[in-house]
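Hi everyone, thanks for coming. I'd like to walk you through one model today, so please have a look at it with me.

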Amino acid sequence: MGVQIVGFMFVLPLYLGYLVLVKKTITPGDFVASFNSAYSIAISINFLTVWGVAQFGERAKLIEKYRGFLKSDFKIKDGKDVAKIREPKEIKIENLSFTYPGNDEPTLKNINLTIKPYEKIALVGFNGAGKTTLTNLLLRLYDSTSGSIKIDGKNINDVTIQSHRNRFAAVFQDFQLFACSVGENVALSDIFDGDRVMNSLEHSGFTKPLSHGVNTELLREFDDEGVMLSGGESQKVAIARAFYKKCPYVILDEPSANLDPVAEYNLNQAMLDAAKDKTVIFISHRLSTTVDADKIYVMENGEIIESGSHDELMKLNKTYAYMFNLQAEKYKN
């Protein structure tokens with residue numbers, strides 16, 4: 001169709017010129033008006049055919065991919081039992097290894113650790129050590145390549161995915177705030193307990209005045225008067241979600257990444273106070289947050305190379321002590 005239109009636009013001026021110069025049956029003004037009209041019609045036809053067909057083909061490819069996605073089988077299968085949400089139980093990780101699809105080298109290698117009820121556990125190490133991957137496996141965002149994770153002696157693969165994840169509150173680095181009220185953002189539901197929301201915000205260190213309390217709108221997608229938060233304030237709202245949810249286990253991935261040192265210290269104290277009845281697992285590169293942890297696991301190249309309390313690891317004087325002293329030196333200087 002595109003070739004025919006180009007040919008038509010080439011022949012039309014010649015024919016109209018012939019009528020003006022030779023036949024003298026139309027005026028120059030008629031020539032210009034006829035040519036402009038024909039050009040507009042040709043452009044419209046070209047848009048509806050050539051461009052329209054091309055876009056339809058692209059959309060058809062996307063629809064086909066979407067249909068393929070809907071037909072694909074879930075790789076993470078539900079277990080038969082339903083996990084109960086109650087007080088924390090022992091988490092036991094045995095010989096756990098994991099390799100991402102398409103990779104030859106495993107990201108985690110033979111991880112073994114036991115987390116006792118109500119313990120506060122820190123995972124530390126350089127970037128790429130496997131810390132976040134370990135928490136992803138704990139939440140069953142992936143299934144391990146080998147080994148097992150058991151809670152209260154029961155393999156997490158034996159319970160339904162939803163009931164298992166309901167036992168956890170998790171705050172990751174790439175958290176998201178939504179254009180709705182503060183209460184809905186913290187509870188992640190349009191039904192929430194206002195007092196619990198405010199209490200959770202208090203524990204997270206959120207101090208920004210809210211003109212309408214928990215009903216204050218955040219962001220301005222739907223409300224021109226919506227409150228805009230800084231990076232640190234947004235992170236405190238995300239952390240408040242973990243305090244609000246009634247569950248026995250909390251996972252915090254870099255909870256103090258956007259906070260200043262004072263806010264970081266206050267958060268650590270509030271976290272320990274608010275999570276007395278929970279087991280907490282947190283990842284941190286700022287080792288001042290790990291001092292009060294019951295146990296610290298140092299990871300490197302997908303393996304646990306050190307474990308113990310802060311004092312024990314400082315006495316060991318290896319990787320953890322080196323990392324801690326390196327960061328402490330920056331504060332001294």
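Let me start with a question: which exposed residues does the face of H6 turned away from its buried side carry? Keep that in mind while I give you the ground rules. This is a predicted model, so local features need pLDDT of at least 70 and side-chain atom pairs count only at pLDDT 80 or more, while totals for chains, interfaces and linings use all residues. Residues are numbered from 1 along each chain as its sequence is written, and side-chain values use heavy atoms, with hydrogens and water left out.

First, the overall picture. The protein has 10 helices and 10 strands; these are DSSP runs, numbered from the N terminus, with helices being H or I of at least four residues and strands E of at least two. Of the 333 residues, 40% are buried. Buried means under 20% relative accessible area, exposed means over 50%, and partly exposed is in between, using a 1.4 Å probe and protein chains only. Among contacts with a separation of 6 or more, 68% come from residues 24 or more positions apart, where contact means heavy atoms within 4.5 Å.

Now back to H6, residues 194–204. The answer to my question is Asp195 and Glu202. On the buried side we have Val197, Ser200, Leu201, His203 and Ser204. Seen down the axis of H6, these buried residues fall within an arc of 160°, so they line one face of the helix; the arc is that of the directions from the helix axis to the C-beta atoms. As a reminder, an α-helix has 3.6 residues a turn, so residues three or four places apart point the same way.

Look at the two ends as well. At the start of H6, a side-chain oxygen of Asp193 comes within 3.0 Å of the backbone nitrogen of Asp195. Just after H6, Gly205 has a positive phi of about 90°.

Next, the aromatics. How many aromatic pairs does the structure hold? There are 5, counting Phe, Tyr and Trp rings (six-membered ring for Trp) whose centres lie within 6.5 Å, with planes under 30 degrees apart called stacked, over 60 edge-to-face and the rest tilted. One of them joins Phe98 and Tyr100, edge-to-face at 4.7 Å centre to centre and 80° between the planes. Tyr100 also pairs with Tyr142, again edge-to-face, at 5.3 Å and 90°. This second pair links distant parts of the chain, 42 residues apart: Tyr100 is in the loop between strands S1 and S2, and Tyr142 in the loop between helix H3 and strand S4. Together, ring pairs make a cluster of Phe98, Tyr100 and Tyr142. Phe98 is buried at 4% relative accessibility, whereas Tyr100 is partly exposed at 21%, as is Tyr142 at 33%.

One last stop: Asn155, in strand S5. Asn155 is buried, at 19%, and touches Ser148, Ile149 and Lys150, leaving aside residues up to four places away in sequence. A polar atom of the Asn155 side chain lies 2.9 Å from the backbone nitrogen of Asn157.

Thanks, and I'm happy to take questions!

Conventions
A polar contact is a pair of N or O atoms within 3.5 Å; within protein, one must be able to donate a hydrogen and the other to accept it, and residues adjacent in sequence count only if both atoms are side-chain atoms.
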